[in-house]
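Trainee: I would like to learn how to read a model like this one, feature by feature. Please show me the structure before we start.

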Amino acid sequence: MKNATTRILMYGALLLWAFVCLFPIYWTLSTSFKTAVNVTQGHLLPFIDFQPDWKGWRSLGLSPDTIGETSTVREEFLKRFENSIVASIGASTLAIIIGSMAAYGLSRFEYKFGPMRNKDISFFFLSQLILPPVVLAMPFLVLYKELALLDNWVGLILVYTLMVLPIVIWIMRDQFDTIPDELEQAALVDGCSTWSAFLYIIVPIALPGMVAAFILSMILCWNEYFFAALLTSTDAKTLPVMVASQTGSQGINWWSMAALSTAAIAPLVVVGVFLERYIVKGLTAGAIK
């Protein structure tokens, strides 16, 4: 009886937490099908509290009756969508390449930088996340202006790489720590170089962790707003900046913002659902030995 009660309480708490996490997504999706009256009155249930309408999606040119027509708003959305994909995938790929090599070095070799050792260096990388992005606003603006990197993909990819690199190094270091040193020693005895052992022995084993780090990096880059708004204006503007710009002189068009937000988070939902096991495996790497 006690076990049954504990299980009921546990599943009840999990259901409550699932509702708390999923309700904002439901609210955003349902708001994209509301009119102004339904938004202001806070109607929740479609077909019961309100009749769904394509007004939000129509404003983006993504409704069934406008999808075949020319739409400047839809073209802008697709352009921002493309910018987000290029910046997120490019920065995540670059971070995985650099971060994996750095993490492998911290896992397999002993370093000394003044009083700092490997653990101190690893913590130093992670501590960079404590620094508020607004502190870097002026230095990045001046630097990017001098390097002609404002409002282009290359500038965004570089700053996003710096943003997610500490997380990649931390995840991959734990991943490499779980791989026995004997595998590399055997490869070295068989004639492999250090690079060959890393590329052909260690990387395939650590691939699930690399996929998890890549997914988490891509999600962080996809949702990033501050640097995208600071360093872009027209050509390289991303989806979060476009979502934040859905305001006018008469207020916020909630239905349009909700439709745009739904379209923006849909790829992340798909990634989270189908690749959840890789994310969990990457986050728990090194927890059990």
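Trainee: Leaving aside neighbours within four places in sequence, which residues is Thr31 in contact with?

Mentor: Contact means heavy atoms within 4.5 Å. By that rule, Thr31 is in contact with Val39, Trp254, Trp255 and Ala258, once its neighbours within four places in sequence are left aside. Before going on, note that this is a predicted model, in which local features need pLDDT of at least 70 and side-chain atom pairs count only at pLDDT 80 or more, while totals for chains, interfaces and linings use all residues. Residues are numbered from 1 along each chain as its sequence is written, and side-chain values use heavy atoms, with hydrogens and water left out.

Trainee: Where is Thr31 found, and is Thr31 buried or exposed?

Mentor: Helices (H or I, at least four residues) and strands (E, at least two) are DSSP runs, numbered from the N terminus. Thr31 is found in helix H1, residues 2–31. For accessibility, buried means under 20% relative accessible area, exposed over 50%, and partly exposed in between, with a 1.4 Å probe and protein chains only. Thr31 counts as buried because its relative accessibility is 6%.

Trainee: Which backbone oxygen lies 2.6 Å from a polar atom of the side chain of Thr31?

Mentor: A polar contact is a pair of N or O atoms within 3.5 Å; within protein, one must be able to donate a hydrogen and the other to accept it, and residues adjacent in sequence count only if both atoms are side-chain atoms. For Thr31, the backbone oxygen is that of Trp27. Another polar contact, of 3.0 Å, joins the side chains of His43 and Asn38.

Trainee: Where is the place of His43, and what does His43 touch?

Mentor: His43 is in the loop between helix H2 (36–41) and helix H3 (55–58). Not counting residues up to four places away in sequence, His43 touches Lys34, Asn38, Asp49 and Phe50. His43 counts as buried because its relative accessibility is 19%.

Trainee: What is phi for Phe47 and for Asp151?

Mentor: Most residues other than glycine have a negative phi. Phe47 has a positive phi of about 70° although it is not a glycine, and Asp151 has a positive phi of about 60°, again without being a glycine. Phe47 is in the loop between H2 and H3 and is exposed, with a relative accessible area of 63%. Asp151 is in the loop between helix H6 (137–147) and helix H7 (153–177) and is buried, at 16%.

Trainee: At what angle do H4 and H10 pack, and how far apart are their axes?

Mentor: Two packed helices are described by the angle between their axes and the distance between the axes. Axes are lines fitted to C-alpha atoms, for helices over the stretch in contact, and angles run from 0 to 180 degrees between N-to-C directions. Helix H4 (residues 72–108) and helix H10 (residues 207–223) pack at about 140°, with axes 8 Å apart. Angles under 35 degrees count as roughly parallel, over 145 as roughly antiparallel, 65 to 115 as roughly perpendicular and the rest as oblique. H4 and H10 are therefore oblique to each other. Residues making the contact include Phe81 and Ile85 of H4 and Phe214 and Trp222 of H10.

Trainee: At what angle do H4 and H9 pack, and which residues meet?

Mentor: H4 and helix H9 (residues 194–205) pack at about 105°, with axes 12 Å apart, so H4 and H9 are roughly perpendicular to each other. Ser100, Met101, Tyr104 and Arg108 in H4 meet Trp195, Phe198 and Ile202 in H9.

Trainee: How many helices and strands does the chain have, and what percentage of its residues is buried?

Mentor: The chain comes to 14 helices and two strands, and buried residues make up 37% of its 289 residues. Along its principal axes the C-alpha trace spans about 70 × 70 × 35 Å.
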